[in-house]
Amino acid sequence: MTNYRDHAPQILCDFLSYHENIKAHSQKTVDEYFLDLRNFFRYMKQSRDQSLRDTPWDEISIMDVDAAFIRTITLTDIYGYLTFLSRDRAQQPNSRRTEYGLSATTRARKIATLRSFFNYLTKKVHILDDNPIKDMDSPKLKKTLPKYLTLDESLELLNSVDGANSERDYCILTLFLNCGLRISELIGLNLNDIQDDALRVLGKGNKVRIVYLNDACKDALEQYLAVRRPIGGKDQNALFLSARDQRISRSNVHALVKKRLSQAGLDSAQYSSHKLRHTAATLMLQNGVDVKAVQEVLGHEHLNTTEIYTHIDNEALRVAARANPLGKVKPKK
């Protein structure tokens, strides 16, 4: 990603710096904020200046956007931007065969960025007296339940691991299924993050959390560490290594998960490393773990992110329903 400081006006640089340095958001998150806001300001400039209508999107500069310009933005402008995103924005801007109109999920994320930006201008630096987006609703999203493996499928996956790198791959799958790690958290693990029966995990926004290891995780780590070869260089402390003796990459992990799923006879197109995180959350909740505890394990900032798993079909709830003494009462004919 190009340094945003070279391509953003001062008012936007200040906002991004606030999130990077004060809110401790990751560089990836800050880059996404920049791209979303650059997109919005390009729309604003093009919609207000007829001479820019034929200018290629990527050539519209936003360097002259300042507080005076932002004060003129109204809720009507933002609704117009939403219409543009849903109808006219290219899904793949650099492709000649792209479709148009972004999904409700993508639009909701872009509105969340705008909401954060205008909240910052009104509440943190007091550049704006009135927030034009304060009463705006986000696009309505379809509620979809996350896909996950059943307990039997999880066991099939683990039991099918063999061959080259089997100790490493088994350990990775075990940590995904038991600890609910994100893929970025897993590839970032170092040897010194293993602390007796716990794992030090660096999560979103550079927030550190401690995840406790059960016997399965400890055994899998012990077997893997027994065969992990020592290496030198910048990745010598990395927990999981690739075949090239480097820290394992995101693509390496995606590939090994797909490979092991296929070996287990599971649909590798339907499941992924992130679905294993969903599986961990689901199995914990189905087996009586409190939702607040699951939130801590997964590193969710907000409880409502975790609560989606409570809506998943739970056999324990069926048992509870059947156990009601009135459950067998039949209506009179």
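Three strands form an open sheet in the order β1-β2-β3, with antiparallel pairing. Strands here are DSSP runs of E with at least two residues, and helices are runs of H or I with at least four, numbered from the N terminus. Two strands count as paired if DSSP finds at least two bridges between them. Strands of a sheet pair through backbone hydrogen bonds, either parallel or antiparallel. β1 (194-195) and β3 (208-212) stand at the edges, each with a single partner strand, so one side of each has no neighbour in the sheet.

This is a predicted model: local features need pLDDT of at least 70, side-chain atom pairs count only at pLDDT 80 or more, and totals for chains, interfaces and linings use all residues. Residues are numbered from 1 along each chain as its sequence is written, and side-chain values use heavy atoms, with hydrogens and water left out.

Now follow the strands. β1 and β2 run antiparallel and are joined by 2 bridges. Q195 has A198 in β2 as its bridge partner. The two strands form a hairpin with 2 residues between them. D196 lies in that loop. Its phi is near 55°, a positive value in a residue other than glycine. D196 counts as exposed, at 75% relative accessibility. The cut-offs are these: buried is under 20% relative accessible area, exposed is over 50%, and partly exposed is in between (1.4 Å probe, protein chains only).

The next pair is β2 (residues 198-202) and β3, antiparallel over 5 bridges. L202 stands opposite V208 in β3. V201 stands opposite R209 in β3. This hairpin has 5 residues between its strands, and G205 in the turn has a positive phi of about 65°.

Step back to the whole protein. It has 14 helices and 3 strands. Of its 333 residues, 42% are buried. Contact means heavy atoms within 4.5 Å. Among contacts with a separation of 6 or more, 57% involve residues 24 or more positions apart.

Next, look inside. A nonpolar core is a set of buried Ala, Val, Leu, Ile, Met, Phe, Trp, Tyr and Cys residues joined through side-chain atoms within 4.5 Å. The largest one has 39 residues, and F41, I70 and F118 have the most contacts inside it. Elements giving two or more residues to this core are α1 (10-22), α2 (27-48), α3 (67-71), α4 (75-87) and α5 (104-124). The largest share, 8 residues, comes from α2. A second, separate core of 38 residues includes L157, C171, L221 and Y271.

What does F41 touch? Not counting residues up to four places away in sequence, F41 touches I62, V65, F69, I70, I73 and F117.

R277 is found in helix α11 (residues 273-286). R277 is buried yet has no salt bridge. A salt bridge needs a side-chain nitrogen of Lys or Arg within 4 Å of a carboxyl oxygen of Asp or Glu. The nearest side chain of opposite charge, E185, is 4.5 Å away. Lys and Arg count as positive and Asp and Glu as negative, while His and the chain ends are not counted. Leaving out residues up to four places away in sequence, R277 touches several residues, including F176, E185, R209 and H300.

Finally, visit a loop. N165 is found between α6 (151-159) and α7 (166-179). Phi of N165 is near 60°, positive in a residue other than glycine. N165 is partly exposed, with a relative accessible area of 37%.
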